[in-house]
Amino acid sequence: MNRRGLILSVLALGVAGFGGATWFATRPGPVAEAEPVAPELADAMIRPYSPILGPAEAPVTIVEFFDPACEACRAFHPIVKDIMAEHGDAVRVVIRYTPFHGAASEEAIRVLEAARMQDVYVPVLEAVLREQPRWASHGAPAPGLILQIAATAGLDAEAARTQMLAPDVVAILNQDRADVETVGIRQTPTFFVNGKPLDPFGEAELRRLVAAEVAAVQS
């Protein structure tokens, strides 16, 4: 989570949907023109294996440094989906795993990667975030609880137990941790839009930055 106290206190009021994030929509102030990340960081932003939500060839890319145990990530998930729906084929989201909540985060990431192998990534992601208050509480979920939740979304839990330990999954976790350090991520969610960091942070700012990038590529 690692997000400013004010943001978290507001998000906690309504993590189940848009209601808890409406404060961001009315927050004043324009988004300053952001500079893209330095070229030497570009490779660390997106990897070929990174999960993609939306059209793979979309001209506008939101990179989200994401922790499935993060309450603010959960609150922003419907906002990100709404932004994607608003802009259609112009926007995709690239997920970068950021396991700041220790064992609970890592287990959830392993489950998500097993879901990707089984082609049920999106429904399992939705279920994991929906039930986050159950399994992420205090960072110590009951053994097997995340798998049980994922199974309700179509995951073959027995097959997943092996898939979660696959060398490819270990490699993804290790590379994403390294990239988090390289880029200097200190809180989740952290967003970049076509390489430009979202700063200041907020729903309205994210919507404006995405809209500006979509307008630029369509002009």
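This is a predicted model: local features need pLDDT of at least 70, side-chain atom pairs count only at pLDDT 80 or more; totals for chains, interfaces and linings use all residues.
Visitor: What makes strand β3 largely enclosed by the rest of the structure?

Guide: Buried means under 20% relative accessible area. Seven of the seven residues of β3 (residues 91–97) are buried, so the strand is largely enclosed.

Visitor: How do you know that both faces of β3 are covered?

Guide: In a regular strand the side chains alternate between the two faces of the sheet. Val-91, Val-93, Ile-95 and Tyr-97 on one side are buried, as are Arg-92, Val-94 and Arg-96 on the other.

Visitor: Why are β1 and β3 said to pair?

Guide: Pairing requires at least two bridges between the strands. Two bridges link β1 (residues 52–53) to β3, in the antiparallel sense, and therefore the two strands pair. Ile-52 has Val-94 of β3 as its bridge partner.

Visitor: Why is the unit formed by β2, helix α4 and β3 called right-handed?

Guide: The term applies if, with the strands pointing away from the viewer, the path from the first strand over the helix to the second runs clockwise. β2, α4 (residues 71–87) and β3 make a right-handed β-α-β unit, so the path from β2 over α4 to β3 runs clockwise in that view.

Note on methods:
Residues are numbered from 1 along each chain as its sequence is written. Side-chain values use heavy atoms; hydrogens and water are left out. Buried means under 20% relative accessible area, exposed over 50%, partly exposed in between (1.4 Å probe, protein chains only). Helices (H or I, at least four residues) and strands (E, at least two) are DSSP runs, numbered from the N terminus.
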